[in-house]
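Let us walk through this model together, from its surface to its core and then to its charged pairs. Please keep the viewer open as you read.

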Amino acid sequence: MVLAIAVGAGAGLGSIAFRWLITTFTHLFSGHADYASAGGSANPHVPWLGAAFVIIAPMVGGLLYGPLVDRFAKEARGHGVPEVMLAVAQRGGRINPRVSIVKALASALCIGSGGSVGREGPIVQIGSSLGSTLGRFAKVGEDRMRLLVACGAAGGIAATFNAPLAGVFFSMELILGTFSAEAFGATVLASVTASVIGRAAFGDNAFLTLPPFHVEHLAQYGLFAALGVVAGIIGVGFTRVLYWIEDACDWAWRGPEWLRPAVGGLLLGLVLLALPQMYGVGYPVLEKATQGGYVIAFLLLLLAGKVVATSLTIGIGGSGGVFAPSLFIGAMLGAAYGAAAGHLMPGVAGGAGAYALVGMGAVFAGASRAPITAVVILFELTGQYSIILPLMLAIVLATATSRLLSHDTIYTLKLRRRGIDLHTPAPHATFTTHTVRTVMEPVPAPLSADSELTAAADLLIRSDHGALPVVDDHGRYVGTLTARAVAEALTDAPDAQSSQAGDLAQADPTLTTDMPLATALHTLMTATGTGLPVLDPGKERLLGWLTHQSALRALHAANPTPATSVA
């Protein structure tokens, strides 16, 4: 609880610093608080350039953050959330502590110089890095480390968007991928702490200021349902275009990676010159669209422009999130859809703003496939509870449509393209065909839970593992007794000779015989001993022992070293 509060406080303070950096760099590069709403104005710092300064700004920004990312933290490139998901799923929550600083500077420079990305991905990675660093400093276990990473993500979202509930569900649905009482309690503590700090700095107001919307006719539910299906298709389409453009940039670029954002910034600058509304995050443009400020044709142009501008920003090596672009795309889609429905069914459709709001949540759900987060975060960002029913309907249909069209989300596809599946081994992994059963060693002679420590010490002396499993009277696995634990007990308390093995047995992580070896290795690598017990799938009976040596033998058998001749 104390660590969760500390992580939340760090994430809250980090979000304040990060938003200040974005504002500062936006003023520096554009001369405006938010150039997206400035309508192609000149930069007052260099008025003689006119609106053409937007061609130079991304190049200069890229020249600053490109070397920074390439030299100090390459994982700070891109939209950030997939790296956090990977750290939690397969790396025990370990994140390079430098990521928080590099990500904050790189993303602020990217957004401030015109990068058409959001700030939720960076703040998630910043908060998660803080949680991982604190967990490493406090020397917590792997499970707690993952939880602290999720607390950092929750705190970052909560403080940045004044959305404490959304931070909690974002962390549990996307980062942890599971719900539990402990995870909920810890992330709530972090989220509340970060929200209090964020509200002290930014005020207690809804993130987006929108007029009230209402469902005026029952037939609108059919229109909202159809919008959900279309939004799911658009969400998947956004994902595909994002990585298609990233592939095109990878294919075209042959120079050093640190220079790629600066050179690619020229292309981004040309897009911004043609469509200045794409500069930065673009929330003022989003709000204007929900208020009916644009015609249908221009709304569709903004939708396509955002897809291209965001994809190009990520493709050239920029740093920023895809959550805000998803909201932007959804708002443009919903506003255009609502305006068209109003023309076709003027007495039924109602105001276009309600469709814009629903479209925001539905496109995000279609891209991320996180329906609970989408519902909660849209409600908290806007304070609009009046359309919660159509919002839920459209988001569920968008999620279902996305699942039918694509196996991956906008977050997991990035990892799969690198051969990483968060739930199963990569298709080309060496250990794909192996399970723990095929490589485990025989069980070391187990200790009875009621064995005295002196007898246990004699057996541990003859053990090759420095640890022995402990079982109860019925043969069920109780834990692992290490030679170090026995030595410390006998040294610190000579009268401990009468203690029993079960008293000192440690509940180390366990493996099962049907577990893929590639998955088991992540647990084995973070274990403190020389091996781990292997249980039956029901996790009751001890059947084997997995060691680093047995894993290496499997690796050697799969990749035999070619014979070499000696002259």
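**A guided tour**

Leu 404 counts as exposed because its relative accessibility is 75%; here exposed means over 50% relative accessible area, buried under 20%, and partly exposed in between, with a 1.4 Å probe and protein chains only. This is a predicted model, in which local features need pLDDT of at least 70, side-chain atom pairs count only at pLDDT 80 or more, and totals for chains, interfaces and linings use all residues. Residues are numbered from 1 along each chain as its sequence is written, and side-chain values use heavy atoms, leaving out hydrogens and water.

Leu 404 is found in helix α16; helices are DSSP runs (H or I, at least four residues), numbered from the N terminus. Together with Val 229, Ile 233 and Leu 405, Leu 404 forms a nonpolar patch on the surface, with about 390 Å² of accessible area in total. Residues in such a patch have over 30% relative accessible area and no salt bridge, and their nonpolar side chains (Val, Leu, Ile, Met, Phe, Trp, Tyr) are joined within 5 Å. The areas come from the Shrake-Rupley method with a 1.4 Å probe, and for residues only the protein chains shown count as cover.

The largest nonpolar core has 127 residues, and Ile 175, Leu 327 and Tyr 411 have the most contacts inside it. A core of this kind is a set of buried Ala, Val, Leu, Ile, Met, Phe, Trp, Tyr and Cys residues joined through side-chain atoms within 4.5 Å. Leaving aside residues up to four places away in sequence, Leu 327 touches Tyr 283, Leu 286, Met 360, Phe 364, Leu 378 and Leu 381, where contact means heavy atoms within 4.5 Å.

Next come the charged pairs. A search of the whole structure finds five salt bridges, each a side-chain nitrogen of Lys or Arg within 4 Å of a carboxyl oxygen of Asp or Glu. One of them joins Lys 414 and Glu 83 at 2.9 Å, N to O. Lys 414 lies in helix α17 and Glu 83 in helix α3, so this pair ties together parts that are 331 residues apart in sequence. Both Lys 414 and Glu 83 are buried.

Arg 260 meets Asp 250 at 2.6 Å and Glu 257 at 3.6 Å. Arg 260 is buried, with a relative accessible area of 9%, whereas Asp 250 counts as partly exposed at 37%.

Technical notes
Patches are made of residues with over 30% relative accessible area and no salt bridge: like charges are joined within 9 Å, nonpolar side chains (Val, Leu, Ile, Met, Phe, Trp, Tyr) within 5 Å. Helices (H or I, at least four residues) and strands (E, at least two) are DSSP runs, numbered from the N terminus.
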